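Dear colleague,

Please find below the structure that I am handing over to you. My notes on it follow directly after.

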Amino acid sequence: MTYRIMIEGTVQGVGFRPFIYQLASQFKLNGTVHNGVQGVEIIVSCSKEELEGFTQAITRRLPPLSSIDTLEVAQIESRDFSDFQILKSDNSGEKTARIPPDVSICSECEKELFDPSNRRYGYPFITCTHCGVRYSIIYDLPYDRVNTSMKFFKMCKACEEEYTNPLDRRYHAQPIGCWECGPTLKLIDNVGRVPLIPTNEIDKVVELLSEGKIIAVKGVGGYHLMCDATNEEAILKLRERKQRPAKPFAVMVKDMEMAREFGEINTLEEKLLTSRERPIVLLQSKGNHKGLPLQVAPNISRIGLFLPYAPLHLLILDKLQHPLVATSANVTDEPICTNLEDLEKLQGVYDYVLEHNRDIVNGCDDSVVMVVGEQEVILRRARGYAPVSIKLPFTLKEHVLAMGANQKSTIAIGFENQAILSPHIGDLDSIGSVEYYEKNIRTLERMYGFQADVIVHDKHPYYESTKVAILRQAQEPMTELVEVQHHYAHILSVMAEKQLAGKVFGVAFDGTGYGDDGNLWGGEFMVCDYEGYERVAHLNYFKLLGGDKAIKEPRRVALSVLFDLYGEETLALQTPTTKAFSEVELRTYFTAWQKGLNAPLSSSLGRLFDAVASLLDVCQVMSFEGESGILLEALYDDSIEGYYGFEYKEGKIDFLSMIETLLTESNASVAVSKFFHTLVEMIAVIYAPYDLPLVLSGGVFQNRVLLALVYERFPEAMISNAIPPNDGGIALGQVVSSYHFFNSDADTK
Ligand code: ZN
Ligand code: ZN
Ligand code: FE
C-alpha cells in the first residue's frame, strides 16, 4: 500500500529531509520525500504496521531545530518504488510553510572552526544543516539555495559533494560554503576604501579593537558597532559620536565564564544565553559592572550580555579575549543598517568596517530577553526567534493584516489558525523607518503569497501605521479596515498566546495609547474577552504639558501633577521638579495647565513613573525611552516595606495623596520602594472583586522590579512569554481582535 504523509511545522531548513531519508533506510522503506510550500511531503509504500512504526519514529526522533504542528496520513493510489529518494521542491499551492529563523553556530561547526586540520579552519561563514543564517538571507519560500542570497556563490566540488550527500551533516545546508567558494571578508576604512589587505582580516580587526578603534562589523541581520568593552575611552568615543549619552550598550562575551565575570546568572538565564537563539539577556550586573567601565550602562543595576552566535564573532572574541560592546548600527530612530550604503550614514561613528559579500536580505536586530522569577519575558523578538508563528485559539475566516503600533513596531499576518509575527521593526519616527516597515509587510506578503481581506490598525489617528493602513485600503477598496483600542490589543495578545477563552481581568500598564474618549490611556484595568472589553478602572487623568514633549520630559509630567495638587502655589515650591524649569517656563506652563493648552489628558502609568522620577530628582529629561523606569529600578530596596495611600472611587484611582506623601520622603530608595508597592496594592484592590484570570500587559511591565512584585503577590498572573509585553506584541492582539467582527456566530474553542 502507498501512503502520503504531510507534515507541517518547522520542517524546512532544519535537516528534515535527510532525517527522513535516513529513517526510511533504517526502516527499509521505499518512496520519496520533498519540500512543498506548506511543509514536507513523504510518499512511502509499505504495510500499515510499517507505516505506524515509521510515523512514530518521525515524531519521536525529530531533528533539533524542527517541530511538527500537524502530521496527516492518507492512503493513495498504490505505487512501486525501487529505492528512497529526495525529490526537488514543489513550489505550487498556497504557501504556509514556516520561514526558518537564523540559528547560532552549532557545537560541531565550532569544533571544526578551531580545528587546524579541518578544511574550514578559521572560515568565518562555516555552517551546516543544524546551524547558521536562514531568515536573514531568504528572498522567498521554499527555503532553497536559489531563493537565498547564497545563490550568487557557486559551490566548489568539495562543498557540492557534502551538499548532495543525504548522509552528510551538510546535506542541503543552503548557506554552505568554504574558503574556496563561499563569502569572504573585507576590511574597509570609514571613507569606503579598502585600505589594507591584511593576510588575516580577523587578526587586523582584533589589533584595531585593542587600539580602541570602533569597527562596524557585518553580522547576521545587520551591522554592529563594536569596540573593546573594557576600554572606557573607546566607549566614550562611541557614545559621543553616536550621540547616545546614557542608553545602555549590550556586551558580547566570549563564553559563559566571561559572562559570569560581569553578570549574576541563574540557571534559566544561562539556558537563554547559551540557547541556539542567543538573545541579549538582561542580567543583574555584578558589583556595579565590576571589570567594565560604568559607561557601558551608566547609573543602572543591570547589564545586557550575549554570547557570540556567528562564527565570525567567535573568531574575533577568541583572539581578543576581551568583552565587546556590540550595539546595532543604525541612525537614531532608523532601522538597523544591512548594507554599506545604509552604513555610510554612520560614517563619522566608526573607524573601519569589517564587510562581507553575503547580502543581508531581511534585516533583523538582536533579540532581548529577561528572566523574572521563573518567567522568561521577551522584550524584543527578532534574530533567532523571528518570524514566528503563533497558534490562535480559533480559526480565522479572513486573511488579516495587523499593522501594529508606532513604537517597537511589528506587523502580523493571520490566516486559518495561525498568526505570523514579523521581527522587531523599530519605531516609526522617520521616513526611513516607515519605508523599512512597509518593506517588512511586503516581505511577509510575498513569502506567504498573502493578500489581506482585513487590515487592522491602532485607533490612534496619527500613528504612521494607521496612515499606512488607510493608504493601503484606499488602493485596495475591497479590503476592510478595522481599528482597535491599543490596550485592548495588549490584553488580547496575551490571551491569544496563552490560548485563553472566556473573560479575563486585564491590567495594561503602559506608556500612552489612544483611548476611546480621545485621551491618552495607559493605566487601565479592563475586563476583556474576544468580543470586546469594559474599562472598569483607570488612573485618574492628568495633563501632559506640551503633549508629545511630555513623553520625553518627566519634569513636565511631575509639574502638571504638582499643579493638580497645589495650583499656583507650585510656582513658589522648592522641589527638584520646579528647579528644573526657569521662572518664565513655570509661569507659561501654569497658564497652559490652567487653560488646557496643548495639554492632553492621560491616565498613563508610564508617565506616572516619569513624574515620580522627576520629583525624586532621578531624571528630569530622558535621553532614551524607558530611562526613568530603569533608573527607579536601580533605587529599589527590597528591605523596605509599606506603601502609600491612594483613593479608589467609581473606577478612578486618585494618586495625588501618594505624591503628597512621597514629597515628604527624605530617602529616594524609601520613596521608590513604597511607590512600587503602591502599584501592586492598586492592582490588588481593583482586582479583588473579580473571579477572573489576571492578565498583565503593556510596556511598564518590562520593569523587572514591578513584575517580580506583582508575581510575588499573584503567582498565577499571566504575562506573554513568546511575544513582548510592550508594543511589539500589539500586532498579535490586533489579529485576534478582528475575530468578532467577522466570526461572532462562530464558537470559540
Ligand atoms: Zn553547524
Ligand atoms: Zn566550497
Ligand atoms: Fe502600548
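Thr479 touches Ala452, Asp453, Ile455 and Gln473, leaving aside residues up to four places away in sequence; contact means heavy atoms within 4.5 Å. Thr479 lies in the loop between α12 (464–475) and β22 (480–484), where helices (H or I, at least four residues) and strands (E, at least two) are DSSP runs numbered from the N terminus. Thr479 is buried, with a relative accessible area of 7%; buried means under 20% relative accessible area (1.4 Å probe, protein chains only).

Please note that this is a predicted model, in which local features need pLDDT of at least 70, side-chain atom pairs count only at pLDDT 80 or more, and totals for chains, interfaces and linings use all residues. Residues are numbered from 1 along each chain as its sequence is written, chains are lettered from A and ligands numbered from 1 in the order in which they are written, and side-chain values use heavy atoms, with hydrogens and water left out.

Donors are N, O and S atoms within 2.8 Å of the metal (3.2 Å for Na, K and Ca); water is not among the atoms, so sites may look incomplete. Asp510, in strand β23 (residues 504–514), and Asp727, in the loop between α22 (704–713) and α23 (730–737), are 217 residues apart. Both Asp510 and Asp727 are buried.

The zinc ion (ligand 2) is coordinated by Cys156 (SG), Cys159 (SG), Cys178 (SG) and Cys181 (SG) at 2.2 to 2.3 Å. Of these, Cys178 and Cys181 are buried.

With kind regards

Key:
Buried < 20%, exposed > 50% of the residue type's maximum accessible area, 1.4 Å probe, protein only.
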